[in-house]
Amino acid sequence: MTAARRRPVVEQPAMFAADALAHTEARKSGFVPTPPWVVRTLIEGMAGAGHPPLPWHQRRVESGAGEGAIVAAVDSIVGPGDWTLCELRPDAARLLGRCCPGAVVREGDYLALGSGVRGFGIWITNPDFAIAAAVFAKMREEAGEFGTVALHVPWAFAATDALDGVDCDLYPIEGRPYGFVRETCWIVTGPGRGGRRLRLRKP
């Protein structure tokens, strides 16, 4: 996708009071867990469409691992793998150390410290939407020519300049995983990626 994009990412208001409360509480902690079906619909949708699978056999990097929602979802679908998990909150980082045996856990700000992984690997995350562009750029920097990046963000992000000159596959998702955005999508970059678009559906 190379067309110029200059629209800012604008979050949509919640439609219901319960959604608004959940959003507020999540933002207080800086933590918005990823529903497992959001990961499953990407993996199974890519397989069903004949798209190249994500390279799960390589090092897996979660740049904002939270309490391990994406890790658990991926491992339950494709099997366990070698993870590097970055997490800003000390309590969550300690939890990851207990619930993800064998994983490398890096406590601190991913944007400042990075993951310590370069090149071959799969970088996957659902970032704080306010810093999604910076996280995406950092992940792509670490992935370089040979790594793959999978980013879950509001669909509006695809219309911003963060994707200018980036070869990527787009996977918009039908079904709201959160009450505070109308639609989200997966953006996948890396070797052999670019030009595919597939609408995913909530199971």
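A residue counts as buried at under 20% relative accessible area, as exposed at over 50%, and as partly exposed in between, using a 1.4 Å probe and protein chains only. By that rule F136 is buried, and F157 is buried too. This is a predicted model, in which local features need pLDDT of at least 70 and side-chain atom pairs count only at pLDDT 80 or more, while totals for chains, interfaces and linings use all residues. Residues are numbered from 1 along each chain as its sequence is written, and side-chain values use heavy atoms, with hydrogens and water left out.

Start with the whole chain. Helices (H or I, at least four residues) and strands (E, at least two) are DSSP runs, numbered from the N terminus. The chain has six helices and eight strands. Along the sequence their order is α-α-β-α-β-α-β-α-β-α-β-β-β-β. Of its 203 residues, 47% count as buried. The chain exposes about 9,500 Å², and carbon and sulfur atoms supply 55% of that area. Accessible areas come from the Shrake-Rupley method with a 1.4 Å probe; for residues, only the protein chains shown count as cover. A contact means heavy atoms within 4.5 Å. Take the contacts between residues at least 6 apart in sequence: 67% of them join residues at least 24 apart.

Now look at helix α2, residues 36–49. The expected span of a helix is 1.5 Å times one less than its number of residues. For the 14 residues of α2 that gives 20 Å, and the end C-alpha atoms are 20 Å apart, which agrees. Its buried residues are W37, V38, V39, T41, L42, I43, G45 and M46. After α2 comes G50, with a positive phi near 75 degrees.

Next, the nonpolar cores. A nonpolar core is a set of buried Ala, Val, Leu, Ile, Met, Phe, Trp, Tyr and Cys residues joined through side-chain atoms within 4.5 Å. The largest one has 25 residues, and L54, I124 and W186 touch the most other members. At least two residues of this core come from each of α2, α3, β2 (83–87), β4, β6 and β7. The largest share, six residues, is from α2. A second, separate core has 21 residues, including Y110, V117, W123 and C185. What does L54 touch, not counting residues up to four places away in sequence? Its contacts are L42, M46, I122, T148, A150, V188 and R193.

Helix α6 spans residues 132–143. A132, V135, F136, K138, M139, E142 and A143 are its buried residues. Seen down the helix axis, they fall within an arc of 165 degrees, so they line one face of α6. The arc is that of the directions from the helix axis to the C-beta atoms. Their cover includes α5 (110–113), β4 (122–125), β5 and β7. G144 follows α6, and its phi is positive, near 60 degrees.

Aromatic rings come next. Rings of Phe, Tyr and Trp (its six-membered ring) pair if their centres lie within 6.5 Å; planes under 30 degrees apart count as stacked, over 60 as edge-to-face and the rest as tilted. There are two aromatic pairs by this rule. F120 and F146 are stacked, at 4.9 Å centre to centre and 20 degrees between the planes. F120 lies in the loop between α5 and β4, and F146 in the loop between α6 and β5, so the pair ties together parts that are 26 residues apart in sequence. F120 is exposed, with a relative accessible area of 52%. F146 is partly exposed, at 41%. The other pair, F136 and F157, is edge-to-face, at 6.2 Å centre to centre and 85 degrees between the planes. This pair links distant parts of the chain, 21 residues apart: F136 is in helix α6, and F157 is in the loop between β5 and β6.

E87 sits in strand β2. E87 is buried, with a relative accessible area of 6%. Leaving out residues up to four places away in sequence, E87 touches G64, A65, G66, A92, A93, L96, R106, E107 and G108. T189 lies in strand β7. T189 is also buried, with a relative accessible area of 5%. With the sequence neighbours up to four places away left out, its contacts are F136, R140, G147, T148, V149, V166, D167 and C168.
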